[in-house]
Amino acid sequence: MISADGTGIQSVPGVPREFHCVRCGDCCRWSGCVMVGESEADAIAAFLNLSVEEFLDGYTALAPDRQGLTLIEKPDGSCIFLTEGDECGCRINPVKPRQCEGFPLRWNFPGWEKECRGAAEALRRERKNGKS
Ligand code: SF4
Ligand code: SF4
């Protein structure tokens, strides 16, 4: 299935046809691991003008399953790189981890559409259009 967002990205099943990310930042506020691979760490460190060691020490932690590194969270559970304000955003957007880039079109989790505003809006539109 091809995504309806114009990117041409192959989406996993279950993504509403009319899905568009509304950039609410909620998925960056959910507590949980954001895994960072080796090449991703190199790219993020370079983007932040940090050495890889500085980036790893300041922004990552060992994942609970000890199988890799995850970005650390702020005390409220949101990602350390989420900026809040009139427009929320990702401080490392051009080099964000694949896990971030792939949600929700390449991967998602059971019930994600209830947590994601873009999906909820798409489902509402689909229901409305189905009724008219
Ligand atoms: S929760 Fe959904 S709509 Fe909001 S930023 Fe994440 S993917 Fe986009
Ligand atoms: S790295 Fe960026 S896109 Fe990924 S969770 Fe953090 S703020 Fe969100």
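## A tour of the predicted model

Start by selecting Ala 119, which touches Pro 16, Phe 19, Pro 104, Trp 112 and Glu 113, leaving aside residues up to four places away in sequence. Touching, or being in contact, is when the C-beta atoms of two residues, placed from the backbone, lie within 7 Å. What you have open is a predicted model, where local features need pLDDT of at least 70 and side-chain atom pairs count only at pLDDT 80 or more, while totals for chains, interfaces and linings use all residues. Residues are numbered from 1 along each chain as its sequence is written, and chains are lettered from A and ligands numbered from 1 in the order in which they are written.

Next, show ligand 2. Around it you'll find Cys 28, Val 34, Leu 71, Cys 79, Phe 81, Leu 82, Cys 90, Ile 92, Lys 96 and Cys 100. Being around a ligand takes a C-beta atom, placed from the backbone, within 6 Å of it. This shell has 9 nonpolar, no polar and 1 charged residues. Ala, Val, Leu, Ile, Met, Phe, Trp, Tyr, Cys and Pro count as nonpolar, Asp, Glu, Lys and Arg as charged, and the others, Gly among them, as polar.

Hop over to ligand 1. Among its surrounding residues are Cys 21, Cys 24, Cys 27 and Cys 116, and the shell splits into 7 nonpolar, 2 polar and 3 charged.

Now pick helices H1 (residues 38-47) and H2 (residues 52-59), which pack at about 100° with their axes 8 Å apart. That makes H1 roughly perpendicular to H2, a label for angles of 65 to 115 degrees. Ala 41, Asp 42, Ile 44 and Ala 45 of H1 meet Val 52, Glu 54, Phe 55 and Leu 56 of H2.

Finally, zoom out to the whole protein chain: there are 5 helices and 5 strands, where helices are DSSP runs (H or I) of at least four residues and strands (E) of at least two. Buried residues make up 18% of its 132 residues.

Terms used: Axes fitted to C-alpha atoms, helices over the stretch in contact; angles between N-to-C directions. Parallel < 35°, antiparallel > 145°, perpendicular 65-115°, else oblique. Buried ≥ 20, exposed ≤ 12 C-beta atoms within 10 Å, placed from the backbone.
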